[in-house]
Amino acid sequence: MRALPSFCITLLTGTSLLLSGCGTMMNSDHQSVRIFSTPAEAKVTVDDRFHLTTVGTVNLSRFTDHTAVIEKDGYEPATIKIERYMSKQVLWNGWCLIFIPWCVSQDRKDGGFWTFDNDIEVTLTKRAEAPSPKLSTP
């Protein structure tokens with residue numbers, strides 16, 4: 001019967017190592033984010049590189065926050081920050097028990113620690129019309 005505790009410890013350790021870096025296993029280091037705008041068909045530039053028209057999808061690296069500029073004729077341009085936050089998938093690292101610090105570190109290194117909102121909605125403000133000059137008549 002002494003083999004049972006040893007077997008349980010081995011099984012628990014093996015399972016912990018197998019599940020280490022759960023955030024990374026469930027999330028890759030990139031994420032697809034959809035950008036919507038009101039009005040639709042606005043031009044979007046993300047990080048001065050990606051160009052799309054709303055509704056559109058961009059594949060973003062989870063290693064950093066991103067900046068998007070949304071523009072449409074007749075509307076004020078909008079600049080938004082696409083911020084990452086801790087993924088709930090990281091909580092699965094609880095299975096790692098004594099290896100939790102290593103598991104979380106692995107997720108941070110591999111990008112699975114972070115996530116973005118899947119959908120981003122932006123409402124553009126109509127540009128104020130310039131007053132027309134008054135013509136004076138003699």
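Buried residues account for 32% of the 138 residues in the protein chain. The model described here is predicted.

**Overall make-up**

- Along the sequence, the elements of the protein chain follow the pattern α-α-β-β-β-β-β-β-β-α-β-β.
- Of the contacts in the protein chain with a separation of 6 or more, 66% are between residues 24 or more positions apart.

**Background to the backbone features**

- Most peptide bonds are trans, and most residues other than glycine have a negative phi.

**Cis peptide bonds**

- A cis peptide bond leads from Thr38 to Pro39, with omega near 0 degrees.
- Pro39 lies in the loop between strand E1, residues 30-38, and strand E2, residues 43-46.
- The peptide bond from Thr54 to Val55 is cis as well; its omega is near -10 degrees.
- Val55 is located in the loop that runs between strand E3 (50-53) and strand E4 (56-61).

**Glu41 in the loop between E1 and E2**

- Glu41 is not a glycine, yet its phi is positive, at about 60 degrees.
- The loop between E1 and E2 holds Glu41, and Pro39 is also found in the loop between these strands.
- Glu41 counts as exposed because its relative accessibility is 59%, and the cut-off for an exposed residue is over 50%.

- Strands E2 and E3 pair in the antiparallel sense, over 4 bridges.
- Val46 has Phe50 in E3 as its bridge partner.
- The hairpin of E2 and E3 has 3 residues between the strands, and in this hairpin Asp47 takes a positive phi near 55 degrees.
- Asp47 is placed in the loop between E2 and E3, and its phi is positive although Asp47 is not a glycine.
- With a relative accessibility of 22%, Asp47 counts as partly exposed, because buried means under 20% and exposed means over 50%.

Note on methods. Residues numbered from 1 in each chain as written. Predicted model: local features only at pLDDT ≥ 70, side-chain atom pairs only at ≥ 80, totals over all residues. Heavy atoms only, no water. Helix = DSSP H or I, 4+ residues; strand = E, 2+ residues; numbered from the N terminus. Buried < 20%, exposed > 50% of the residue type's maximum accessible area, 1.4 Å probe, protein only. Pairing = 2+ DSSP bridges. Contact = heavy atoms within 4.5 Å.
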